[in-house]
Amino acid sequence: MVTDLSQTAWFWLVIAAMTAVNYAIRSGGFILMGYVPLTPRVRAILNALPGAVVVAIVLPLMVQGGLAAWAAVIVSIALMAWRSSDLLAVVFGMAAAALIRAI
């Protein structure tokens, strides 16, 4: 029989393990990049990386989300191109998705 104390201890042990792994992965990247010479090609790759990550996250959501997701992304991209405001893009993108889903 598992007691509440052992469940609590297991819970905190799992959180500590996840924290350690997360820290190791993040700090490992910084340590390894210290050994990579920053040539123009490497800089170009590092500059393109954030956009590639955003596309990798958003594209599957658009494919599964249907018309509301497409509307939200299109409105967000248009607002970012027009006003360069992250907050406005998020607010109006969410509003577009909510409006499409309400209709």
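Me: How many residues does α3 have, and what does α3 reach from its first C-alpha to its last?
Reply: In this predicted model, α3 has 17 residues and reaches 24 Å from its first C-alpha to its last. That is close to the 24 Å expected at 1.5 Å a residue.

Me: Which residues of α3 are buried?
Reply: The buried residues of α3 are A89, G93, A96 and A97. They cover an arc of only 95° around the axis, which puts them on the same side of α3.

Me: What do these buried residues pack against?
Reply: The buried residues of α3 pack against α2.

Me: And which residues are exposed on the other side of α3?
Reply: On that other side, L87, M94, L99 and A102 are exposed.

Me: Where is L88, and which residues is L88 in contact with beyond its neighbours within four places in sequence?
Reply: L88 lies in helix α3, which covers residues 86-102. Leaving those neighbours aside, L88 is in contact with L79, R83 and G93. The C-alpha atoms of L88 and V75 are separated by 10.0 Å, and these residues are 13 apart along the chain.

Me: Changing topic: which residues make the nonpolar surface patch?
Reply: M33, V36, L38, L46, L49, V53, I57 and L61 make this patch of about 670 Å². Helix α2, residues 40-83, contributes the largest share, with five residues.

Me: What about L46 in helix α2?
Reply: L46 is found in helix α2. Its relative accessibility is 36%, so L46 counts as partly exposed.

Conventions
Residues are numbered from 1 along each chain as its sequence is written. This is a predicted model: local features need pLDDT of at least 70, side-chain atom pairs count only at pLDDT 80 or more; totals for chains, interfaces and linings use all residues. Side-chain values use heavy atoms; hydrogens and water are left out. Patches are made of residues with over 30% relative accessible area and no salt bridge: like charges are joined within 9 Å, nonpolar side chains (Val, Leu, Ile, Met, Phe, Trp, Tyr) within 5 Å. Accessible areas come from the Shrake-Rupley method with a 1.4 Å probe; for residues, only the protein chains shown count as cover. A salt bridge is a side-chain nitrogen of Lys or Arg within 4 Å of a carboxyl oxygen of Asp or Glu. Helices (H or I, at least four residues) and strands (E, at least two) are DSSP runs, numbered from the N terminus. Buried means under 20% relative accessible area, exposed over 50%, partly exposed in between (1.4 Å probe, protein chains only). Contact means heavy atoms within 4.5 Å. The expected span of a helix is 1.5 Å times one less than its number of residues. The arc is that of the directions from the helix axis to the C-beta atoms.
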